[in-house]
Amino acid sequence: MPVTNANKTTRAPTIDMKLEVVVIPVSDVDRAKEFYANLGWRLDADFAGPDDYRVIQFTPPGSPSSVIFGKNVTAAAPGSAQGLYLVVSDIEAARNDLRDRGVEVSEVFHAGGDVHTGPDEPYLFGRRRIGGADPAHRSYRSYVSFHDPDGNGWLFQEVTTRLPGRVEAADTTFTSSTELASALRRASAAHGEHEKRNGGQYDANWPDWYADYIAREQAGQPLPV
């Protein structure tokens, strides 16, 4: 019996597949190494071999995936890697960290509608960038862009609430204390509104409310009120 598209989409995956390495093309390996080290990324490897071969691996803080570059690693043109996304929970904090490290970085911007032929450098929602964070502070909608010395293009994307189905409800995880602190601040602000709606009464069960809010936010589920 032939396999139909419907059968393909309903079949449960049987093998875990984790994207762990992205190769980026550079022209000057030591210059690139200095740049990514200055970002505060972890240096995992710097190996040299025969035939003028060299491979360097860096991992961004909290990331399960790494980047690799070097000599005789890829035939792609230096600077041709574009649209490399780094998800952050606080776009302003991420931008400020880059600036403090001396990296040239764009202002925070958000989508100008689904305009895909505009003059701006492309990103997930098109080619029209409007200055400032998304006015409604929607998850996935605020960005910052920067480039490495070869012109490989990176973007920060602020994600505070995952779309439904993107995270298992039981898998609430944080990759750093900074990310957890941001989630706690959002829960605190929401809980303050919750107490106002309940006559300003002190909520002795606030830890349970916080935990429920944070787990639901990360899983993309309806938030408590």
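Predicted model: local features only at pLDDT ≥ 70, side-chain atom pairs only at ≥ 80, totals over all residues.
Two strands count as a pair if DSSP finds at least two bridges between them. The predictor's confidence averages a pLDDT of 88 over the protein chain, and 91% of the residues reach 70 or more.

**Strand β8 and its neighbours**

- β8 covers residues 142-147, and 5 of its 6 residues are buried.
- On one side, β8 pairs with strand β6 (residues 109-111) in the antiparallel sense, over 2 bridges. Look for H110 here, which stands opposite S142 of β8.
- β8 and β9 make up a hairpin, with 5 residues between the two strands. In the turn you'll find G151, whose phi is positive at about 100 degrees.

**Aromatic rings**

- A pair of rings is described by how far apart the centres are and by the angle between the planes. Searching the whole structure turns up 16 aromatic pairs.
- Take Y85 and Y143: their ring centres are 6.3 Å apart and their planes meet at 80 degrees, so this pair is edge-to-face. The cut-off for that label is an angle over 60 degrees.
- This pair ties together distant parts of the chain, since Y85 belongs to strand β5 (residues 84-88) and Y143 to β8, 58 residues apart.
- F146 and W154 give you a stacked pair, with 6.5 Å from centre to centre and 10 degrees between the planes. F146 is buried, with a relative accessible area of 2%, and W154 is buried as well, at 4%.
- F146 and W154 also belong to a cluster linked by ring pairs, along with F35, Y36, W41, F58, F69 and F156.

**Salt bridges**

- How many salt bridges does the structure hold? The count is 13.
- One of them brings together the side chains of D52 and K71, at 3.8 Å from N to O. It connects distant parts of the chain: D52 is in the loop between β2 (42-49) and β3 (53-59), and K71 is in strand β4 (residues 66-71), 19 residues apart.
- D52 is exposed, with a relative accessible area of 52%, whereas K71 counts as partly exposed at 37%.
- R129 and E121 meet through their side chains too, again in a salt bridge with 3.8 Å from N to O. E121 is partly exposed, at 31% relative accessible area.
- K196 and E193 form a salt bridge of 3.4 Å, N to O. Because they are 3 residues apart in helix α4 (residues 177-197), about one helical turn separates them.
- K196 is exposed, with a relative accessible area of 60%, and E193 is partly exposed at 39%.
- There's also a network: salt bridges with shared partners join D30, K33, D46 and R54.

- Which elements have the lowest and the highest mean pLDDT? Helix α1 (residues 5-10) has the lowest, at 56, and helix α2 (residues 29-38) has the highest, at 98.

Key
Residues numbered from 1 in each chain as written. Heavy atoms only, no water. Phe/Tyr/Trp six-rings, centres within 6.5 Å; stacked < 30°, edge-to-face > 60°. Helix = DSSP H or I, 4+ residues; strand = E, 2+ residues; numbered from the N terminus. Buried < 20%, exposed > 50% of the residue type's maximum accessible area, 1.4 Å probe, protein only. pLDDT = per-residue confidence, 0-100. Salt bridge = Lys/Arg side-chain N within 4 Å of Asp/Glu carboxyl O.
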